[in-house]
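Here is a short tour of one predicted model, meant to be read with the structure open beside you. Please keep the viewer at hand and follow along from one element to the next.

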Amino acid sequence: VYAVWDIRLLNGRERRTWMTHPKAIRLNNPLNGPDSATLLGDKPRFYRDFADMIGREWIDAAEATDDEVAAFLQRHPRVLVKPSQGEGGRGITTFTVDEITDVAVWRATLVAENQSLIEEILPQHEDMARLYPGSVNTLRLITFRRADGSFHLIAAVLRIGNGGVVDNFAGGGMFTMLDDDGVAQWAGVDKNSNV
């Protein structure tokens with residue numbers, strides 16, 4: 001991000017306006033609660049706690065039986081597999097049922113490699129797929145909840161895949177900031193400054 005956003009060109013006052021990772025961590029506890037990082041970082045727990053909002057079917061291979069995983073694969077012939085912990089799109093991959101010759105061995109391998117979350121792949125709107133069809137491209141809204149319960153939109157980010165199965169910037173994806181009307185302010189860029 002330092003190179004992509006030309007932070008080296010900013011003066012000290014301008015640099016202090018940037019929300020760096022350490023600043024975000026320092027703000028997390030007082031704004032979100034001391035347990036929030038743990039609650040959000042444990043994906044199976046998050047998925048269970050917010051099951052009514054996830055919007056896709058998923059299964060935890062570490063807790064499911066071989067038969068339950070096989071039934072899941074019958075319903076979803078192509079799935080996304082991800083670690084139960086982690087961030088930035090690291091460790092996420094896809095499988096098709098044709099690639100899985102023995103469900104029990106596959107499930108055991110996923111569990112051993114801590115890749116236990118198996119998810120239905122969501123179809124995306126055709127306009128979003130035109131940007132890049134290999135991942136689900138997403139809109140991230142960064143908000144702040146006011147004391148009265150209302151939300152303030154801080155930023156809107158369009159995240160786009162870029163050769164892989166994820167749209168995460170850290171995982172090789174691209175992003176651009178959107179204005180208040182949802183219009184891209186700049187061309188998409190990846191972490192290597194490719195536009």
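## Where helix H7 begins and ends

At the start of H7, aspartate 102 brings a side-chain oxygen to within 3.0 Å of the backbone nitrogen of alanine 104. Helices (H or I, at least four residues) and strands (E, at least two) are DSSP runs, numbered from the N terminus. Following H7 comes asparagine 114, with a positive phi near 55°.

Two notes on reading the model: residues are numbered from 1 along each chain as its sequence is written, and side-chain values use heavy atoms, leaving out hydrogens and water. The model is predicted, with local features needing pLDDT of at least 70 and side-chain atom pairs counting only at pLDDT 80 or more, while totals for chains, interfaces and linings use all residues.

Which residues of H7 are buried? In this helix (residues 103-112), they are Trp106, Arg107 and Leu110. Because they cover an arc of only 95° around the axis, they lie on the same side of H7; the arc is that of the directions from the helix axis to the C-beta atoms. Val105 and Ala112, on the other side of H7, are exposed. Buried means under 20% relative accessible area and exposed over 50%, with partly exposed in between (1.4 Å probe, protein chains only).

The buried residues of H7 pack against helix H6 (66-75) and the strands S2 (78-82), S3 (93-96) and S4 (117-120). Contact here means heavy atoms within 4.5 Å.

The four strands form an open sheet in the order S1-S4-S2-S3, with antiparallel pairing. Its edge strands are S1 (58-60) and S3, each pairing on one side only. On average, neighbouring strands are turned by 25° against each other, direction ignored. H7 packs on this sheet, touching S2, S3 and S4, and its direction makes about 30° with that of S2. Such angles run from 0 to 180 degrees between N-to-C directions, with axes being lines fitted to C-alpha atoms, for helices over the stretch in contact.

S2 and S4 run antiparallel and are joined by four bridges; valine 79, for one, has glutamate 120 in S4 as its bridge partner. S1 and S4 also pair in the antiparallel sense, over three bridges, and aspartate 60 has leucine 117 in S4 as its partner. Two strands pair if DSSP finds at least two bridges between them.

## The nonpolar core

The largest nonpolar core has twelve residues, including Ile59, Phe72, Val81, Ile100, Trp106 and Ile118. H6, S2 and H7 each give two or more residues to this core, and H6 gives the most, with three. A nonpolar core is a set of buried Ala, Val, Leu, Ile, Met, Phe, Trp, Tyr and Cys residues joined through side-chain atoms within 4.5 Å.

Leaving aside neighbours within four places in sequence, isoleucine 100 is in contact with Leu73, Phe95 and Trp106.

## Histidine 76

Is histidine 76 buried or exposed? This residue, found in the loop between H6 and S2, is buried, with a relative accessible area of 11%. Not counting residues up to four places away in sequence, histidine 76 touches Glu57, Val97 and Glu120. The side chains of histidine 76 and glutamate 57 are joined by a polar contact of 2.6 Å. A polar contact is a pair of N or O atoms within 3.5 Å; within protein, one must be able to donate a hydrogen and the other to accept it, and residues adjacent in sequence count only if both atoms are side-chain atoms.
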